Amino acid sequence: MKIADIRATTVTVPLEAPLLHSNGAHWGRFVRTLVEVETDNGLVGLGELGGGGESAEAAVRALADYLVGHDPFRLEALRFAIANPTASLYNNRTQLLAAVEFACLDVIGQQLGVPVHDLLGGRLRDEVPFASYLFFRYANASTGEGEVRTPEQLVDHTRELKAAHGFTVHKLKGGVYPPDYEAACYRALAEAFPGDRFRFDPNAALSVAQARRFTQLVADLPNEYLEDLTWGMNGLRQLRDLGVPIATNTVVVNFEQLAANVRDPAVDVVLLDTTFWGGIRPCIKAAGVCETFQLGVAVHSSGELGVQLATMLHLGAVLPNLTYAADAHYHHLVDDVIVGGKLAYRDGAIPVPTGPGLGVRLDAERVARYAELYREQGGYPYDRDPGRPGWYPLVPNERWADPHV
Ligand SMILES: [Mg+2]
């Protein structure tokens with residue numbers, strides 16, 4: 001079996017409402033590029049990557065010269081063929097490699113008639129638990145609904161998500177409003193849902209001093225961990241004496257950084273991302289290192305549609321040391337591009353697909369509809385806030401949004 005062709009299609013899928021974060025916002029939609037790797041025996045494997053739109057499509061298509069004729073079973077060779085670590089100094093293709101790895105695993109599974117998790121050691125669990133991923137939100141521009149700004153709105157929104165999907169772990173994305181205001185919101189959440197567990201993540205927006213103060217303000221709450229309160233391993237290391245586990249998805253995102261964190265620990269929990277790390281298989285390797293050195297493992301969400309979600313489910317199925325619920329933005333989407341529409345949460349978890357390969361297929365009608373929406377609307381600047389024209393943040397930030405506006 002050989003790769004015969006590689007295709008890319010960018011789609012825009014609406015969100016319920018714009019999601020705010022420390023660098024700006026998701027402006028009411030996700031822009032994702034779907035990758036299809038076709039083989040000479042007629043199989044099509046699926047991949048997905050993030051928000052570059054036309055540039056992502058062009059980057060994927062440019063891989064055709066590297067990939068056509070390659071045997072999709074030869075996954076280790078793939079890494080060196082398109083993303084070896086020294087050539088990558090000049091052409092960072094890690095995220096492209098990830099999308100191609102997903103598609104090759106999908107093809108292999110289809111060829112053998114087995115789900116991807118059976119290629120990765122076999123599943124240890126039949127469903128993967130997820131955290132509610134809570135954001136401060138602007139109201140939906142069409143309906144005027146969905147704003148999350150006040151503690152009361154945050155609690156109401158969480159109650160709705162918990163009722164709909166069964167979440168018992170809650171992660172609040174902060175870094176938008178002043179840290180003391182967000183600490184009060186986080187406390188309101190913890191007090192509204194006794195028995196549940198909580199995480200807070202301001203995307204590294206706080207100074208070390210602010211991060212220490214925030215930690216002290218919330219240290220009595222049932223924190224699973226505080227994630228990327230401040231920037232960098234040297235910043236996060238300065239929070240370790242405060243007694244709350246520290247997590248990152250920003251500064252331990254490759255094996256060099258993982259080794260550095262083992263030699264001089266800065267974080268307790270590493271959020272693995274099937275895109276950032278270059279595929280599902282590198283995440284499994286990284287989880288093995290974490291198991292050896294007794295670091296915690298969680299799963300990061302970079303804003304997925306159903307194809308990437310499937311990669312997270314197969315990853316979650318096979319990791320013995322996944323003791324934390326995974327993150328997903330998925331429940332903020334209004335639809336998906338896969339056959340059957342959005343996968344459903346049940347008691348805060350999503351069943352691991354059991355069909356051949358990734359176990360999800362593209363719905364041609366939905367892909368066409370959302371590709372058209374991308375052509376109509378184009379991309380959006382992830383690092384800008386539609387509510388604050390001209391604004392951009394500093395790191396550490398001091399240009400907070402006003403929670404009373
Ligand atoms: Mg994070």
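Colleague: Where is the place of P396?

Modeller: Please bear in mind that this is a predicted model. P396 sits in the segment after α13, the helix of residues 364-377.

Colleague: Which residue does a cis peptide bond join to P396?

Modeller: That residue is V395, and omega of the bond is about -5 degrees.

Colleague: Turning to phi, what is the value at D228?

Modeller: Phi of D228 is positive, about 45 degrees, although D228 is not a glycine. In general, most residues other than glycine have a negative phi.

Colleague: Which elements does the loop with D228 lie between?

Modeller: The loop holding D228 runs between β10 (223-227) and α9 (233-236).

Colleague: Is D228 buried or exposed?

Modeller: D228 counts as buried because it has 26 C-beta neighbours inside 10 Å, and the cut-off for buried is 20 or more.

Colleague: And Q294, what is its phi near?

Modeller: Phi of Q294 is near 55 degrees, again a positive value in a residue other than glycine. Q294 is in the loop between α11 (280-292) and β13 (296-299).

Colleague: Is Q294 buried or exposed?

Modeller: Q294 is exposed, because 9 other C-beta atoms lie within 10 Å and the limit for exposed is 12 or fewer.

Colleague: Changing topic, what feature does UniProt place at residues 151-245?

Modeller: The unreviewed UniProt entry gives "domain: Mandelate racemase/muconate lactonizing enzyme C-terminal" there. Over residues 151-245 the chain is 46% helix and 16% strand, and the end C-alpha atoms are 24 Å apart.

Technical notes. Residues numbered from 1 in each chain as written. Predicted model: local features only at pLDDT ≥ 70, side-chain atom pairs only at ≥ 80, totals over all residues. Helix = DSSP H or I, 4+ residues; strand = E, 2+ residues; numbered from the N terminus. UniProt positions renumbered as here; feature names shortened; annotations may be inferred.
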